[in-house]
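Student: Hello! I am new to this structure and would like to learn how to read it. Could we go through some features together?

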Amino acid sequence: MSYTNREIYENALRLIGETGEDDLCSDYEERAPYVIASFCTQVSDVDKRIRMLEGLDAVGDFNKLYLDLDGNFPLCDKLLGCASLYLAAMLLSDNDYELADSFYDKYCDAIATLSASVGIASAAGDGNDGSTDAVSAICESIVERYFFD
């Protein structure tokens, strides 16, 4: 089943307790297409791995800067929950840092679990092999981009 970016947006609104009827939501709706595109770009390797393991067609080209809310979500359905958590965190980042941070932690846990289940995250290891955790790198780059700019 194909989901729209608007469904992700509406899920994020429900997560943060918004009804979509106030002035703040017009700002959220304006920012959401950019944030969803950023999410899709950041986790494209995870999507690629899921598609390979499940025998799904490769993702088509999508705009990495802006995804229309009424357009289809370009990544596989397994990333929908992560997308909603990520969007909720980013929408709140200007207004409620503590709640945004809480949603961001939930997003990182969800993407780490999903990534580990498809073999993206490296093994925990003893630290002597020089390996890095790909999911931590994704989460750190997003935090640097949105919370410290």
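Predicted model: local features only at pLDDT ≥ 70, side-chain atom pairs only at ≥ 80, totals over all residues.

Student: Is Phe62 buried or exposed?

Tutor: The general idea is a set of cut-offs: buried means under 20% relative accessible area, exposed over 50%, and partly exposed in between, with a 1.4 Å probe and protein chains only. Phe62 has a relative accessibility of 14%, so it counts as buried. Across the protein, buried residues make up 40% of the 149 residues.

Student: Which residues does Phe62 touch?

Tutor: A contact means heavy atoms within 4.5 Å. Leaving aside residues up to four places away in sequence, Phe62 touches Ala37, Cys40, Thr41, Leu67, Pro74 and Leu75. Take Cys40: it is 22 residues from Phe62 in sequence, and the two C-alpha atoms are 8.9 Å apart in space.

Student: What sits over the ring of Phe62?

Tutor: A charge sits over a ring if NZ of Lys or CZ of Arg is within 6 Å of the ring centre and within 35 degrees of the ring normal. Here the charged end of Lys64 does so, 4.4 Å from the centre of the Phe62 ring.

Student: How many aromatic pairs are there?

Tutor: A pair of aromatic rings is described by the distance of the centres and the angle of the planes. Rings of Phe, Tyr and Trp (its six-membered ring) pair if their centres lie within 6.5 Å; planes under 30 degrees apart count as stacked, over 60 as edge-to-face and the rest as tilted. By this rule there are six aromatic pairs. In one of them, the ring centres of Phe39 and Phe73 are 6.5 Å apart and the planes are at 25°, so this pair is stacked. The partners come from distant parts of the chain, 34 residues apart: Phe39 belongs to helix α2 (residues 23–42), and Phe73 to the loop between α3 (44–54) and α4 (80–92). Phe39 is buried at a relative accessible area of 1%, and Phe73 is buried at 7%.

Student: Why is the pair of Tyr104 and Tyr107 tilted?

Tutor: Their ring centres are 5.6 Å apart and the planes are at 45°, so the pair is tilted. Tyr104 and Tyr107 are three residues apart in helix α5 (residues 97–117), which separates them by about one helical turn. Tyr104 is buried, with a relative accessible area of 2%, and Tyr107 is buried too, with 0%.

Student: Which residues do ring pairs link into a cluster?

Tutor: The cluster consists of Phe39, Phe73, Tyr86, Tyr104 and Tyr107. Tyr86 lies in helix α4 and is buried, with a relative accessible area of 0%. Tyr86 and Ala12 are 74 residues apart in sequence, yet 8.3 Å apart in space from C-alpha to C-alpha.

Student: At what angle do α1 and α4 pack?

Tutor: Axes are lines fitted to C-alpha atoms, for helices over the stretch in contact, and angles run from 0 to 180 degrees between N-to-C directions. Helix α1 (residues 5–16) packs against α4 at an angle of about 60°, with the axes 8 Å apart. Angles under 35 degrees count as roughly parallel, over 145 as roughly antiparallel, 65 to 115 as roughly perpendicular and the rest as oblique. That makes α1 oblique to α4. Residues making the contact include Ile8, Ala12 and Leu15 of α1 and Leu80, Ala83 and Leu87 of α4.

Student: And how many helices and strands does the protein have?

Tutor: There are six helices and zero strands.

Terms used
Residues numbered from 1 in each chain as written. Heavy atoms only, no water. Helix = DSSP H or I, 4+ residues; strand = E, 2+ residues; numbered from the N terminus.
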